[in-house]
Amino acid sequence: MNQNPYELLGVKPDADQKEIQSAFRKLAKKFHPDLNPGDKSAETRFKDISAAYELLSDEDKRARFDRGEIDMTGAEQARRNYYRDYASASGPGGPYHNNSGFADFGDADDPFASFFSRRRGGAQFRAKGMDRQFSMEVDFLDAVNGAKKQVRLPDGPPLDVQIPAGTRDGQMLRLRGKGEPGIGGGPAGDALIDIRVRPHRFFTRDGDDIRLELPVSLSEAVLGGKVRVPTPSGPVHLTLPPHSNTGKVLRLKGKGVVRRGGEQGDVYVTLKIVLPDKPDDRLTAFVKDWAETSAQDPRRSMEV
């Protein structure tokens, strides 16, 4: 594969890891085989950008590539020899010597000779196998709290995948050595698992915070008190201030998504006052009597 990984990902040679990762994710979503069924060109492009990202995301491999020591597949590059190197190497075993009696002409017919051996007994060409990419859906709470899941790769046994706590939608997990077999005894590629997080019925994620809308009764809103609130790590009790309106936001500190370093985001609770499902004659009579003596105008601020 005689390609430039920087050009494949559309980044400059001095791009940092964040730029490289962002470029790869954008291209991976565009050319993912699942999104382009039957499109061989998209499949080939996806394999190429995966190989480019595999190289550039590894600082050591990237540095060696930049120095010309390896090519994009990770294979060792042949040492560049010059005429003065050959001039001092006459006789059997020298670079210009072969059994035909004519220097190098007998081997020139094989254009791949330099990949396998520069001379008799040279090292065999080795290359890491291609990475393989798969999609995996996980529940919202499993992504937030972390979980162990099982995925079955094509033509392979089921594998246990550890979903780290705080995993985001679109995050890529790597299973080392579970990709395509290597060439010439080279290491196998990796399996890249594209995580897709299923929406939750009342939790939504906002960065490392969790938001939810909490229904409260009219009496709870007026009188206040403790109410039970669900969080990703389990229910807790929240103190509701008296006279709480719909739309009021309360915070549960440290009950959100785990961050790097062990800290956690927060849970933000938005109150929503809910009336009884069935009409209550006593409530109706009370509110009617109260309304006759009340001068409240909740829409006063909307006058134009």
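**Cores, rings and salt bridges**

Biologist: Leaving aside neighbours within four places in sequence, which residues is Val-229 in contact with?

Modeller: Beyond those neighbours, Val-229 touches Leu-212, Leu-214, Gly-234, Pro-235, Val-236, Leu-238, Leu-252 and Val-269, a contact being heavy atoms within 4.5 Å. This is a predicted model, in which local features need pLDDT of at least 70 and side-chain atom pairs count only at pLDDT 80 or more, while totals for chains, interfaces and linings use all residues. Residues are numbered from 1 along each chain as its sequence is written, and side-chain values use heavy atoms, with hydrogens and water left out.

Biologist: How many residues does the largest nonpolar core have, and which have the most contacts inside it?

Modeller: That core has 34 residues, and Ile-193, Ile-195, Val-229 and Val-269 have the most contacts within it. Because domain 2 (132–197) and domain 3 (203–286) both contribute residues, the core lies between them. The domain bounds come from an automatic or database assignment. A nonpolar core is a set of buried Ala, Val, Leu, Ile, Met, Phe, Trp, Tyr and Cys residues joined through side-chain atoms within 4.5 Å.

Biologist: And which residues does the second core include?

Modeller: The second core is separate and has 23 residues, including Leu-9, Ala-15, Ala-42 and Leu-56.

Biologist: Turning to the rings, how many aromatic pairs does the structure hold?

Modeller: There are 4 aromatic pairs. Rings of Phe, Tyr and Trp (its six-membered ring) pair if their centres lie within 6.5 Å; planes under 30 degrees apart are stacked, over 60 edge-to-face, and the rest tilted. Tyr-6 and Phe-65 are tilted, because their planes stand at 50°, with the ring centres 6.4 Å apart. This pair links distant parts of the chain, with Tyr-6 in helix 1 (residues 5–9) and Phe-65 in helix 4 (residues 59–66), 59 residues apart. Helices (H or I, at least four residues) and strands (E, at least two) are DSSP runs numbered from the N terminus.

Biologist: Is Tyr-6 buried or exposed? And Phe-65, buried or exposed?

Modeller: Tyr-6 is buried, at 5% relative accessible area. Phe-65 is buried as well, at 16%. Buried means under 20% relative accessible area, exposed over 50%, and partly exposed in between (1.4 Å probe, protein chains only).

Biologist: What about Phe-24 and Tyr-53: how many Å are they apart, centre to centre?

Modeller: Phe-24 and Tyr-53 are 4.2 Å apart by that criterion, with 5° between the planes, and the pair is stacked. Phe-24 sits in helix 2 (residues 17–31) and Tyr-53 in helix 3 (residues 40–56), so the pair ties together parts 29 residues apart in sequence. Phe-24 and Tyr-53 are both buried.

Biologist: Which residues form the aromatic cluster? And which residue lies over the face of Tyr-268?

Modeller: The cluster is made by Phe-140, Phe-202 and Phe-203. Over the face of Tyr-268 lies Arg-211, at 4.6 Å from the ring centre. Such a charge requires NZ of Lys or CZ of Arg within 6 Å of the ring centre and within 35 degrees of the ring normal.

Biologist: How many salt bridges are there?

Modeller: The count is 24, taking a side-chain nitrogen of Lys or Arg within 4 Å of a carboxyl oxygen of Asp or Glu. In one of them, Lys-149 pairs with Asp-142, with the closest N and O atoms 3.0 Å apart. Lys-149 is partly exposed, at 29% relative accessibility, whereas Asp-142 is buried, at 18%.

Biologist: What does Asp-169 meet in a salt bridge?

Modeller: Asp-169 meets the side chain of Arg-196, at 3.8 Å from N to O. Asp-169 is in the loop between strand 3 (158–163) and strand 4 (172–175), and Arg-196 is in strand 5 (residues 191–197), 27 residues apart. Asp-169 is partly exposed at 47%, and Arg-196 is partly exposed at 27%.

Biologist: Which residues are linked in a network of salt bridges?

Modeller: The network links Glu-54, Lys-61, Lys-128, Asp-131, Arg-174, Arg-176 and Asp-190. Lys-128 is also 7.8 Å from Ala-75, C-alpha to C-alpha, although they are 53 residues apart in sequence. Ala-75 is in the loop between helix 4 and helix 5 (83–87), and is buried at 1% relative accessible area.

Biologist: Finally, what is phi of His-243?

Modeller: Phi of His-243 is near 60°, a positive value in a residue other than glycine. His-243 lies in the loop between strand 9 (236–240) and strand 10 (249–252), and is exposed at 65% relative accessible area.
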